[in-house]
Amino acid sequence: MNLAPWAIALFTVIAVYFLDHWENKHIKSIFDWVPAILLAYLIPAGISYALGLDLSQAEIHDYSKEFFIPLTIISVMASLSLGQLKAIGYKPIILFVAGSFFVALFPVAFVMGFSETTLVSETLLAEGFWKGIPPVVGSWIGGSTSQLVLKELVECPEAIFLSVLVMDNILVNVWTILMFQGIKKSNKLNTWFKITDKGIPEEIREEKQKPIPIWITVLILLGIIFITNYFLESFVGKVVLLSMVGLALGNFIPRWNFKFSLKAGAILILVVMAILGLKLQFDTLGFDVSFFGFLVIWLLGHFVFMIIIAKLMNVNMAWVPIASMANVGGIATAPAVTAAYEKKWMPHAIVLAILSMATGTFWGMLTIYLLKGMASS
């Protein structure tokens, strides 16, 4: 067995993890603009390039697909508590789902409506950039886990995937700044749109029981992965099955360790991305301005659509940037943006972000199914 890819991946995960948790203002400022997930992808590629190694076909990639990705999926899904969702209320959840609906189906509608334009015919379809769309759907709705799973499902080329990562990173950083400012205008928007329902959501109660030990949690997760790999070969089948099993673990096993599941999922995402970075070839990197413009239209449309839904449901406009960040940002940025409006709502934003992580893969699978038919025709 070639140990080089394992050593590079391990070094990357350890380095990125500790840098991300280093309480240094200069390091923190770097991670504000270059997220850990992107750095974990670039470092292995840089090391491989510097050492003149081609690790794109290394055995470690098979282990990632058979073991690390499935383990990431079940860990993330097991961190979602359905009981906590009830405290948010149905209106914010419907608003969030509407935002996810737009993210998943807008590219399909765009390709259908503008199939004769240069952007669609020569960029999205002819140059294969449509394969970069499902990872964006996964990134915006589900986060890094869904992004990686959908990248594998759609077989997105490494060059396009890196371009998508770079463009997505730029947009999400800018969008976060805009949402920080936008949520402060929520009360003015409520007045402007004549929103009368400004109810405060129910307080989320945290479990006070002591969770099951970490070692038992690890044994359960690993046991399920080995059993699944033994009886099931289909990667898509594993994604669906492990998502359902993970959801069941988090909601039917008494005293399930939600905190550890979420933390394990975050670390495993770094592991998977570091392994994926071993496939990257820098000389294939490109930046397509037309595709970036498409992403901007897509993101703006998502926000406008949610404003319309919020108006129709008569729900506080503050939930629009919160739901948008739960979709596009994630578990770190959603509560941070929420705190700029009402700190008591931060736990609700975290639960919405976890719901986003749990559903992103399925939305992306729908996007893949619809886009594949258009690309083939």
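Lys 194 sits in the loop between helix 11 (186-192) and helix 12 (214-231). Helices here are DSSP runs of H or I with at least four residues, numbered from the N terminus. The model is predicted: local features need pLDDT of at least 70, side-chain atom pairs count only at pLDDT 80 or more, and totals for chains, interfaces and linings use all residues. Residues are numbered from 1 along each chain as its sequence is written, and side-chain values use heavy atoms, with hydrogens and water left out.

**Loop residues with positive phi**

Phi of Lys 194 is near 60°, a positive value in a residue other than glycine. Lys 194 counts as exposed because its relative accessibility is 67%. The cut-offs are these: buried means under 20% relative accessible area, exposed over 50%, and partly exposed in between (1.4 Å probe, protein chains only).

Asn 314 also has phi near 60°, positive in a residue other than glycine. Asn 314 lies in the loop between helix 15 (289-313) and helix 16. At 22% relative accessibility, Asn 314 counts as partly exposed.

**Helix 16**

Helix 16 is mostly covered, with ten of its ten residues buried. Among them are Trp 319, Pro 321, Met 325 and Asn 327. Val 328 belongs to helix 16 (residues 319-328). Its relative accessible area is 2%, so Val 328 is buried. Val 328 and Gly 143 are 185 residues apart along the chain, yet their C-alpha atoms are separated by 7.8 Å.

Ser 163 is part of helix 10 (residues 158-183). Ser 163 counts as buried at 3% relative accessibility.

Leu 150 is in helix 9 (residues 144-154). Leu 150 has 0% relative accessibility and therefore counts as buried. Leu 150 and Ser 139 are eleven residues apart in sequence, and 9.3 Å apart in space, C-alpha to C-alpha.

**Helix packing**

Two packed helices are described by the angle between their axes and the distance between the axes. Axes are lines fitted to C-alpha atoms, for helices over the stretch in contact, and angles run from 0 to 180 degrees between N-to-C directions.

| Helix pair | Angle | Axis distance |
|---|---|---|
| Helix 4 (residues 60-77) and helix 14 (residues 258-277) | about 155° | 9 Å |
| Helix 1 and helix 14 | about 135° | 9 Å |

The angle in the table makes helix 4 roughly antiparallel to helix 14. Helix 1 is oblique to helix 14. Angles under 35 degrees count as roughly parallel, over 145 as roughly antiparallel, 65 to 115 as roughly perpendicular and the rest as oblique. The crossing of helix 4 and helix 14 is left-handed, whereas that of helix 1 and helix 14 is right-handed. A crossing is left-handed if the near helix is turned anticlockwise from the far one by less than a right angle, and right-handed if clockwise.

**Salt bridges**

Side chains of opposite charge can pair when their charged atoms come close. The criterion for a salt bridge is a side-chain nitrogen of Lys or Arg within 4 Å of a carboxyl oxygen of Asp or Glu. A search of the whole structure finds two salt bridges.

One joins Lys 238 to Glu 66, with the closest N and O atoms 2.8 Å apart. This pair links distant parts of the chain: Lys 238 is in helix 13 (residues 235-252), Glu 66 is in helix 4, and they are 172 residues apart. Lys 238 counts as buried at 2% relative accessibility. Glu 66 is partly exposed, with a relative accessible area of 38%.

Lys 151 forms a salt bridge with Glu 158, and here the closest N and O atoms are 2.4 Å apart. Lys 151 and Glu 158 are both buried.

**A nonpolar patch**

Leu 10, Ile 14 and Phe 18 make a nonpolar surface patch of about 320 Å². Patches are made of residues with over 30% relative accessible area and no salt bridge: like charges are joined within 9 Å, nonpolar side chains (Val, Leu, Ile, Met, Phe, Trp, Tyr) within 5 Å. Accessible areas come from the Shrake-Rupley method with a 1.4 Å probe; for residues, only the protein chains shown count as cover. Ile 14 is found in helix 1 (residues 4-20). With a relative accessible area of 43%, Ile 14 is partly exposed.

Key: Helices (H or I, at least four residues) and strands (E, at least two) are DSSP runs, numbered from the N terminus.
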